[in-house]
Amino acid sequence: MTENEKAARQKKIAHVIMWIVLLVLFICFIAPFFLVVINVFKTKADTTSNPLALIGAHGFTMKNFPDAMKKMNFWTVFGNSAIITVSSTILTIAVSSMAAFVIVRNQRWKFCTFIFSLMIASMVIPFQVLMVPLVSVYGGTLGVLNHRLTLILMHVGFSVSMAMFMFHGAIRTNIPLELEEAATIDGCSRWQTYWKIVFPLLKPTVATVAIINAMAYWNDYLLPSLVLTKKELYTIPIATQAFYGTYSTDIGLVMAALLLAMLPILILYVFLQRYIVQGVTAGAVKG
Amino acid sequence: MKQNTLSYKVKQYLMFAGPGTILFFCVVIIPFIYGVYLTFTSWDGVSATKPWVGLTNYAAAFADKDYWAALGRTAIYSVFAVVLINVLSFFLAYLVTSGVKGQNFFRSGFFVPNLIGGIVLGYVWKFVFNRAFVALGSAISGGTAPSILSTPSGAMLALIIVSVWQYAGYMMLIYVAGFMSVSEDVKEASSIDGCTASQTMWNVTVPLMRASFVQCLFLSITRCFVVYDVNLSLTKGEPFGSSVMAAMHVYNQAFTYKNYGLGQAEALILFLVCAIVGVTQVMIGKRGEVEA
């Protein structure tokens, strides 16, 4: 055997070993989900006596799914989560990209640099520091809790600094000033220039910001639980928490609820995984 | 030119950045300042008056043994979780960039836990620890195995396991980006100079992706320090309050025991600790950054 062949063979063996290690780790990562899925289709007795079996001794049941759906009020809750996530995301993109635009184009104006620095600095503030005053001001003094709009606007307020920072980078490096000047000469107002010329060029950043924020909004628990305390306004995480508190002994039912809570985003991931992985990477590396 | 007058600039600013600035101030800046004010009052959350009490809340926060126990616990949890998250995610990133078959599939697979919120993940794992592991343990030992969630150290271990599982895939993506940013030329040059594969790895690749380490450490530290969702759903602070993390303690202090001023003072201390640790880490990390 020549040196080259030997090296190639060693490499091949190394790859096989790495592949096996990956597979084992992957199974460990997925196992909890798998356990949830198999227990959805078991009767209550089987989930307690034998949670590990693929199919319970009492056979297969489809009852847990519709039961959990009804008790969790799934479609209402899903609708709330969807409305809140979609509107918060759209508003965040519009509001923060516009802010970034004006801040980039007025870099020598002290006021803009001040706002910019203030937003960057604020990113280190954890939510725990703001939750008491938020509840105190918006719950006590103004009494605007228990409205979806309040939560949506709060979401936007919290994300605007990070999103603005990302759009700031994109506009500064990717949008030449000459392009805007040309649009102005052609008779565009600033508003038209922004929406017709600049914004369409920001698509990659829009995708990144949308993915990161939509995931955060969809999964957010603490803020919605403080803002939305009425049952008919619950989002998926709050409803899951409430559901667990009531039915924690009925494992099959709980598993069905957990699966319901996970399914929408998992289905979305199957179709959009390339974009989600790219978006999250871009967001993390820039942020 | 009308474009240089102050009123034009202000108009432009309000038109484009007005909504963002207003929301940002309403949700972040004003509550932050108001929160600092609240720490000097003994507000109970209901009454209209907020009696001024000076530094009493800070004194109470420093004397609150439960709070410092929670903070200490959070520090221990964070150290273990951060180290394990980064070791595992670096290892995963190495494996999924090595050119093995199906690496993109694995990449997306390891990321799955990140898609799902902490509340749901916590309940999934609660089931795994309380039922699946117990069933497995009982089958092996023949008797009834206790759940690891029923002992204080077990509950901590469980929290660490879940956090590592939750964040490893996310940090992996950052390390993958780091690995990809190191160009093949540099690695080739080092191997021509006689480096073995592992020497290239530790002396060339790793120093060049220092930024990824700084990034991942910062993200994992800041996230672990304020862990709440998983804490609430997985252990709820039990057994006997032995797994109450700092964020949960703050929440309970303010919303359960209605000591808003004290809770806010404790939140502010948590923020300072978190900010100091995070910023120090970034400063140390940036100092030795290597440019390729």
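Visitor: Before we start, how are the residues and chains labelled?
Guide: Residues are numbered from 1 along each chain as its sequence is written, while chains are lettered from A and ligands numbered from 1 in the order in which they are written. Because the model is predicted, local features need pLDDT of at least 70 and side-chain atom pairs count only at pLDDT 80 or more, whereas totals for chains, interfaces and linings use all residues.

Visitor: OK, how many helices and strands does chain A have?
Guide: Chain A has 13 helices and 0 strands, where helices (H or I, at least four residues) and strands (E, at least two) are DSSP runs, numbered from the N terminus.

Visitor: And is it spread out or compact?
Guide: Chain A is more spread out than a compact globule, because its radius of gyration is 25 Å, well over the 19 Å that the globule rule gives for 287 residues. That radius is taken over C-alpha atoms, and the globule rule is 2.2 Å times the number of residues to the power 0.38. Along its principal axes, the C-alpha trace of chain A spans about 80 × 75 × 35 Å.

Visitor: What domains is chain A divided into?
Guide: There is domain 1 (3-49) and domain 2 (73-247) of chain A, with bounds that come from an automatic or database domain assignment. The C-alpha centres of domain 1 and domain 2 of chain A lie 38 Å apart.

Visitor: Switching to chain B, what are its helix and strand counts?
Guide: Chain B has 12 helices and 0 strands. Its radius of gyration is 24 Å, well over the 19 Å that the globule rule gives for 292 residues, so chain B too is more spread out than a compact globule. The C-alpha atoms of chain B fill a box of roughly 85 × 75 × 30 Å, taken along the principal axes.

Visitor: Helix packing next: at what angle do helix 4 and helix 7 of chain A pack?
Guide: The angle is about 40°, with the axes of helix 4 and helix 7 of chain A 6 Å apart. Axes are lines fitted to C-alpha atoms, for helices over the stretch in contact, and angles run from 0 to 180 degrees between N-to-C directions. That makes helix 4 of chain A oblique to helix 7 of chain A, given that angles under 35 degrees count as roughly parallel, over 145 as roughly antiparallel, 65 to 115 as roughly perpendicular and the rest as oblique. The residues of this contact divide into 17 nonpolar, 9 polar and 2 charged.

Visitor: And how do helix 11 and helix 12 of chain B pack?
Guide: Helix 11 (residues 246-256) and helix 12 (residues 260-287) of chain B pack at about 160°, with their axes 7 Å apart, and that makes helix 11 of chain B roughly antiparallel to helix 12 of chain B. Among the residues that meet there are B:His249 and B:Val250 in helix 11 of chain B, and B:Leu262 and B:Leu270 in helix 12 of chain B.

Terms used: Nonpolar A, V, L, I, M, F, W, Y, C, P; charged D, E, K, R; others polar. Contact = placed C-beta atoms within 7 Å.
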